[in-house]
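Biologist: Please take me through the terms used for this structure, and set each value against its definition.

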Amino acid sequence: MEGVLVRKIKKICVFCGANSGKDVAFVNAAFHLGKVLGKRKIDLVYGGGKLGLMGCVSTAVAQHERQVLGIIPSAFTINNLVGETCGKEIKVATMQERLVMMMELSDAFIALPGGFGTLEELFQMISWAQLSIHNKPIGVLNINGFFNGLLSFVDHAVKQEFITPRARKILISATTADELVDKLQAFRFESDPALSKLKWSPSSSQKEKLDLTLRL
């Protein structure tokens, strides 16, 4: 990445399935992503628990002696529904509070294969970036073409003029973990001149941000 100004990324939030998926390549890629984060001295923020790909990536990061923080709605902890979080855990009341806290405590976001929850988290972060609520890089790890259809749809929405070319640049993709992290580090946010003027009120969890950061 010679000649490219590299963004400092200390914590990456990973969105992914609570299932392992049909293809063993998804599991292998999740473990490998955790290994890459560990080797690059990047800590993990994720949705908590140990199910599916979420468990794979968090276990791998912990094995490489990096910090793991699971942010989990209290409802999921009843009867040990999602298993024990690999690392520290913060319980929140709602799914929205969880996502806001993930945004505030992370420097970048990666989506691995997953279902509706993963897609909701991914597009919420993209939408918030488009609205200049944050300016952090967002990428998908496109394992065995899992996200090909989604990326094609986004490009189709650009052609139909529902997504601007500027906004399309928010979503990064790569087929390997190392390439994706490199792209996240090289990302330069290009805000919409009109949307960047919007004034957003601090979230209710903003007051807790400093204390949470110090505990990580």
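**Terms and values**

Modeller: Helices H1 and H2 are roughly parallel to each other. The model is predicted: local features need pLDDT of at least 70, side-chain atom pairs count only at pLDDT 80 or more, and totals for chains, interfaces and linings use all residues. Residues are numbered from 1 along each chain as its sequence is written, and side-chain values use heavy atoms, with hydrogens and water left out.

Biologist: Why are H1 and H2 called roughly parallel?

Modeller: The axes of H1 (residues 24-39) and H2 (residues 52-63) cross at roughly 30 degrees and come within 7 Å. Angles under 35 degrees count as roughly parallel, over 145 as roughly antiparallel, 65 to 115 as roughly perpendicular and the rest as oblique. H1 and H2 are therefore roughly parallel. The axes are lines fitted to C-alpha atoms, for helices over the stretch in contact, with angles from 0 to 180 degrees between N-to-C directions. The helices themselves are DSSP runs (H or I, at least four residues; strands are E, at least two), numbered from the N terminus.

Biologist: What makes the contact of H1 with H2, and how do its residues divide by class?

Modeller: Contact means heavy atoms within 4.5 Å. On the H1 side the residues include Phe 26, Val 27, Ala 30 and Phe 31, and on the H2 side they include Leu 53, Cys 56 and Val 57. The contact of H1 with H2 divides into 11 nonpolar, two polar and one charged residues. Ala, Val, Leu, Ile, Met, Phe, Trp, Tyr, Cys and Pro count as nonpolar, Asp, Glu, Lys and Arg as charged, and the others, Gly among them, as polar.

Biologist: Are Ala 174 and Gly 149 buried or exposed?

Modeller: Ala 174, in strand S7 (residues 171-174), has a relative accessible area of 5% and is therefore buried. Ala 174 touches residues including Val 140, Leu 141 and Leu 180. Gly 149, in helix H6 (residues 148-159), has 51% and is therefore exposed.

Biologist: What is the mean pLDDT of the protein chain, and where does pLDDT stay under 50?

Modeller: pLDDT is the predictor's confidence in each residue, from 0 to 100. The chain has a mean of 89, and 90% of its residues reach 70 or more. Over residues 204-216 pLDDT stays under 50, and the model has 15 contacts beyond four places in sequence for them.

How values were computed. Buried < 20%, exposed > 50% of the residue type's maximum accessible area, 1.4 Å probe, protein only.
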